[in-house]
Amino acid sequence: MQGRRTHDNPFDLNKASDFSDKEIAELWVDLADSPGGLLGILKPTLRMPMLLLGGKGSGKTHLMRYISAPVQAMRRGGDLRRAIEEDGFMGVYVRADGLNIDKFAGKGHTDEFWTPIYGTYFELWLATSLIGILRDYVDEGLEGFDEQAFASQVGELFDLDMSGEFDSIETMLAYLTRARKGIDYAVNNASLSGTLDDVRITFSTGRLVFGIPALMTQLVPGLGGILIVYLIDELENFSAGQQRYLNSLIRYRWGNATIKLGARLYGIKTYDTLGSGEPIKRDAEYERVELDNLLRERRKDYEHLVTKLVAKRLESLSPGAEGDAVIARQFAQLDSRDYWRAATEDLVSGSDPSRLRPYLQRLKSDLLRIRGITPEVADDILAEMEIPENFYLEKAAVFYFRKRRPRTSDEAVELAQRAAAQARALLNGRREDARELSQLIAHFDSDILAQLYRDFRKRVPYSGFNTLVDLSQGIPRNLLTNLKYIYRRSQFAGEKPFAGGIISIRSQTEGVRDGAAWFWEDAQPDSDGMLVREAVESLAILFRTVRFSNVPSECDLCTFSVASDSLTPNSRKVLMISENWSYLIRLKEPRRNKNNRNLDLKYQLGPMLAPKWEISEHRRGSMELGTEFANAIFDPDLRDRLPALFKQRVEAMIAPLGSADTRLAGELFDQ
């Protein structure tokens, strides 16, 4: 991969809103090398409107812009007419923040006052965008098109006489632009003038947004049967009143036009419509797609997507760069062979191999708590369990020993012999002689490894491209952000990332920790943000405490289940905001409650946050949160109960051998 400019980071730019139309087309990748894919999800030729929802960076904007008219044309060598006729649709893309929509509120007026003004302005904006595309469509001359007749018919859509206002596409576009700017001027100066008397409502709701496409089908050659797709992005920036207007357009949609709304998960403020207020009906009047959930469910397709995305980024900076087939080889991975023997070699570096390992030192202290164990017996037990050739198996033997909690000296000696014998059997490849320990390792493999690294005061490693895919939680921007930080770390370390070198485990681990810090700070809920973050952090500390406890109750713990109907309103609100901002991911499969057998909701801590607290990104074990404990975590009014309930929940897991005593829950909580 020679030829890359050393100062360029191919992952620095990762917001689709920052890309040009050319970059949108060039950086496009799909779920699979087969028909369907992402376009099959968006369904641009389907007349039913759609809400395309997803977390920040899930790809909504890129997908919507990819089917917009300018990018349609680029995919056909700049031939817009051919693109529209072959695709069967014309994409009209607008972004909410480009509409300066915040100004259509306040200034001494109610939402009801602003709704028709905003609706008129917004419809003029859509009509201007649509007519601009039509101008490009007919720009090189279109045989059989009567431009003056078309302009006249558009004039009939208005509620007043438009004679002399426009007689061509160009003059029509000028009129629409002038009308929109007139509203801009009046609204921008309303705070000073105290009046909006200059604003006039010149057409009824929906007349332009649906009427113009109908006329295009009838009067513009080549557009018969073509669907006009309005792609309205960043719906979260619309107020509830403005969303009611859009919902009304969805309900009363007609003709050959449809609407696709893009929003973040928290972006839908209302489903109500104007007038009666009756909400729009899912699957009858609109289709709802949650993009990142869908990508998480299709793990192999998602991996294919982001691998090609990375390859595209590398190719854009270094033509001829190696393709996606070798992307994974650029990342060093922990060698799991022979029970992580390589990890032992890594941990030995910089430490005194003759010194008793930290977990053995703690074990000795605990053994002396057991009735009948003298310092000499404790030393004999430790000598029995030492396996200096492989720290992982040594640690696993201690893990096994603690799991079974010997209560007497005889039990401890016998258990130590059994644990050591099985560890040595695995060391020598005799798995059949170590069934119990082998089964324990199968369940707690990554947790034992994480504890081992922590014992030696080293960062828990996160490495390998597959791990990066898992951490990204189905959101491509998360993966690109992690790669941005990893690239910086690797480049600083002189590893020549993607230019002939291999990205070290250390650079990857530090990079994803940087990514986790970015994600934690970037996702800032507008309301109750501090309360939400406190709840999520409490949950993460709970998972971390369990993972690094003496006897974890669950392996790879990063999920929990809860009976949502038993939560307080405050708890439900905080839980909902946590999900909307992707701190938590609600899983499709519920969990059967152990007590009443009801189905509880199940959530995973957002994998992007896993490195921040050094917990697992893999979804295996799950903790059932009782009503009182869950409310103490999520309800700010009940947080004073949390330390005691936290201590009660983890007490058995953190208790040393031979004693029921625990460290104060507050100490754990403040780590």
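**Burial, cores and helix packing in a predicted model**

Thr-120 is buried, with a relative accessible area of 4%, where buried means under 20% relative accessible area, exposed over 50% and partly exposed in between (1.4 Å probe, protein chains only). The structure is a predicted model, in which local features need pLDDT of at least 70 and side-chain atom pairs count only at pLDDT 80 or more, while totals for chains, interfaces and linings use all residues. Residues are numbered from 1 along each chain as its sequence is written, and side-chain values use heavy atoms, with hydrogens and water left out.

Thr-120 lies in helix H6; helices (H or I, at least four residues) and strands (E, at least two) are DSSP runs, numbered from the N terminus. Leaving aside residues up to four places away in sequence, Thr-120 touches Ile-183, Arg-200, Ile-201 and Phe-203, a contact being heavy atoms within 4.5 Å.

The protein chain contains 28 helices and 10 strands. Its C-alpha atoms fill a box of roughly 105 × 60 × 45 Å, taken along the principal axes. Of the 671 residues in the protein chain, 55% are buried. Among contacts with a separation of 6 or more, 75% are accounted for by residues 24 or more positions apart.

Helix H6 (residues 111-138) packs against helix H11 (residues 240-251) at an angle of about 55 degrees, with the axes 10 Å apart. Axes are lines fitted to C-alpha atoms, for helices over the stretch in contact, and angles run from 0 to 180 degrees between N-to-C directions. H6 is therefore oblique to H11, since angles under 35 degrees count as roughly parallel, over 145 as roughly antiparallel, 65 to 115 as roughly perpendicular and the rest as oblique. Residues Thr-115, Tyr-118, Gly-119, Phe-122 and Glu-123 of H6 meet Gly-241, Gln-242, Tyr-245 and Leu-246 of H11. By class, this contact of H6 with H11 has 4 nonpolar, 4 polar and 1 charged residues; Ala, Val, Leu, Ile, Met, Phe, Trp, Tyr, Cys and Pro count as nonpolar, Asp, Glu, Lys and Arg as charged, and the others, Gly among them, as polar.

Helix H5 (residues 80-87) also packs with H6, at an angle of about 110 degrees and with the axes 8 Å apart. H5 is thus roughly perpendicular to H6. The contact involves Leu-80, Arg-81, Ile-84 and Glu-85 of H5 together with Ile-133, Asp-136, Tyr-137 and Val-138 of H6. These residues of H5 and H6 divide into 5 nonpolar, no polar and 3 charged. Glu-140 is found in the loop between H6 and helix H7 (147-155), and it counts as exposed at 77% relative accessibility. The C-alpha atoms of Glu-140 and Arg-81 are separated by 9.9 Å, although the two are 59 residues apart along the chain.

In soluble globular proteins, nonpolar side chains tend to be buried together. The largest nonpolar core has 95 residues, and those with the most contacts inside it include Leu-38, Phe-465 and Phe-560; such a core is a set of buried Ala, Val, Leu, Ile, Met, Phe, Trp, Tyr and Cys residues joined through side-chain atoms within 4.5 Å. Helix H23 (residues 529-547) gives the most to this core, with 9 residues. A second, separate core of 74 residues includes Met-90, Leu-176, Leu-246 and Tyr-286.
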